[in-house]
Amino acid sequence: MDGHHDVFTAIADPTRRKLMELLAEQELPVTSLSAHFPISRTAVSKHLHLLAEAGLVTERKAGRERRYRLNAEPLREVKQWMAFYEKFWDEKLSNLKGLFGPKH
Amino acid sequence: MSFESSTMSDIFHSFTIDAPIAEVWTAVATSEGLAAWLMPNDFQPVPGHKFTFRMPPQENWSGVTHCEVLELDEPHRLSFTWTSDPIHDLTPTVVTFTLEAHAGQTEFTLVHSGWDKQPAALLPVRNILDEGWGRHTVERLKTYLGLA
């Protein structure tokens, strides 16, 4: 699945891993992020764009700035579905047992 | 390298049903059987058969589950893919029923797996922030995730 390739490409680069670490605690603009690296702001922007394409960070415009944040949403959504299915299967398997008599 | 066990493990249930294996197989591997305890459906016991389960619409979801039969080994094993809703865009999970006969009773096991194959969702975020990672480590991660 294409999404997997993007994510691995994204995290294989040390600059991008450092960017994700910086964004894990708070939203930051490109200017603040750039200050942490010896490369140009354009280069940092390219890394951020790649991370956004992979779904690992979210971007929003605030005035003339672009601000970034780590995206935990995919993880949260999967956990929600898992919780739903834990309850779902408890109920459905109860029905299954019930088909075979009250002693279950 | 070790990973946090906060990665998604399977949903697992196993219990004994006081009925012969053929009866339990009928209950879990036929359309009428499944409708009686799981949901209305158009299942057919044919590998590759695509079918749906339907329940009343929920808050964020149409109530339709899209499935495809993967493995069928009467009366021991049935597995099928399970996609709650195409628009959620998650990788399909897999439901597996396993039946084992024991002296006129049946041990029934349900596994609902594949939660750890979701794109990006598997990666415990803290683990990938380790500065020591290099290309070799990423390859090992791919293998661990079954993607290499």
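Author: Helices (H or I, at least four residues) and strands (E, at least two) are DSSP runs, numbered from the N terminus. In chain B the elements run β-α-α-β-β-β-β-β-α from the N terminus on. That comes to three helices and six strands.

Reader: What should I know about the model and its numbering?

Author: This is a predicted model: local features need pLDDT of at least 70, side-chain atom pairs count only at pLDDT 80 or more, and totals for chains, interfaces and linings use all residues. Residues are numbered from 1 along each chain as its sequence is written, chains are lettered from A and ligands numbered from 1 in the order in which they are written, and side-chain values use heavy atoms, with hydrogens and water left out.

Reader: How much of chain B counts as buried?

Author: Buried means under 20% relative accessible area, exposed over 50%, and partly exposed in between (1.4 Å probe, protein chains only). Of the 148 residues of chain B, 47% count as buried. Now the surface. Accessible areas come from the Shrake-Rupley method with a 1.4 Å probe; for residues, only the protein chains shown count as cover. Chain B has an accessible surface of about 7300 Å². Carbon and sulfur atoms hold 52% of that surface.

Reader: How do I read a pair of aromatic rings?

Author: A pair of aromatic rings is described by the distance of the centres and the angle of the planes. Rings of Phe, Tyr and Trp (its six-membered ring) pair if their centres lie within 6.5 Å; planes under 30 degrees apart count as stacked, over 60 as edge-to-face and the rest as tilted. Over all chains, the structure holds 17 aromatic pairs. Take Phe88(A) and Trp82(B): their ring centres are 5.9 Å apart and their planes stand at 65°, so the pair is edge-to-face. This pair crosses between chains, from helix H5 (residues 73-99) of chain A to strand E4 (residues 77-83) of chain B. Both Phe88(A) and Trp82(B) are buried.

Reader: Why does the pair of Phe53(B) and Phe80(B) count as tilted?

Author: Their planes are at 45°, with the centres 6.0 Å apart, so the pair is tilted. Phe53(B) lies in strand E2 (residues 50-54) and Phe80(B) in strand E4, 27 residues apart. Phe53(B) is buried, at 0% relative accessible area. Phe80(B) is buried too, also at 0%.

Reader: Which residue lies over the face of Phe15(B)?

Author: A charge sits over a ring if NZ of Lys or CZ of Arg is within 6 Å of the ring centre and within 35 degrees of the ring normal. Here Lys97(A) lies over Phe15(B), at 4.4 Å from the ring centre.

Reader: What is a nonpolar core?

Author: In soluble globular proteins, nonpolar side chains tend to be buried together. A nonpolar core is a set of buried Ala, Val, Leu, Ile, Met, Phe, Trp, Tyr and Cys residues joined through side-chain atoms within 4.5 Å. The largest one has 37 residues. Among those with the most contacts inside it are Trp89(A), Val28(B) and Trp82(B). Its largest share, seven residues, comes from H5(A). A second, separate core of 18 residues includes Leu28(A) and Val30(A).

Reader: What does Glu27(A) touch?

Author: Contact means heavy atoms within 4.5 Å. Not counting residues up to four places away in sequence, Glu27(A) touches Arg60(A), Arg67(A), Tyr68(A) and Arg69(A). Glu27(A) sits in the loop between helix H2 (14-23) and strand E1 (28-29) of chain A. At 18% relative accessibility, Glu27(A) counts as buried.

Reader: Which side chains make polar contacts with Glu27(A)?

Author: A polar contact is a pair of N or O atoms within 3.5 Å; within protein, one must be able to donate a hydrogen and the other to accept it, and residues adjacent in sequence count only if both atoms are side-chain atoms. The side chain of Glu27(A) meets that of Arg60(A) at 2.6 Å. Another polar contact, of 3.3 Å, joins the side chains of Glu27(A) and Arg67(A).
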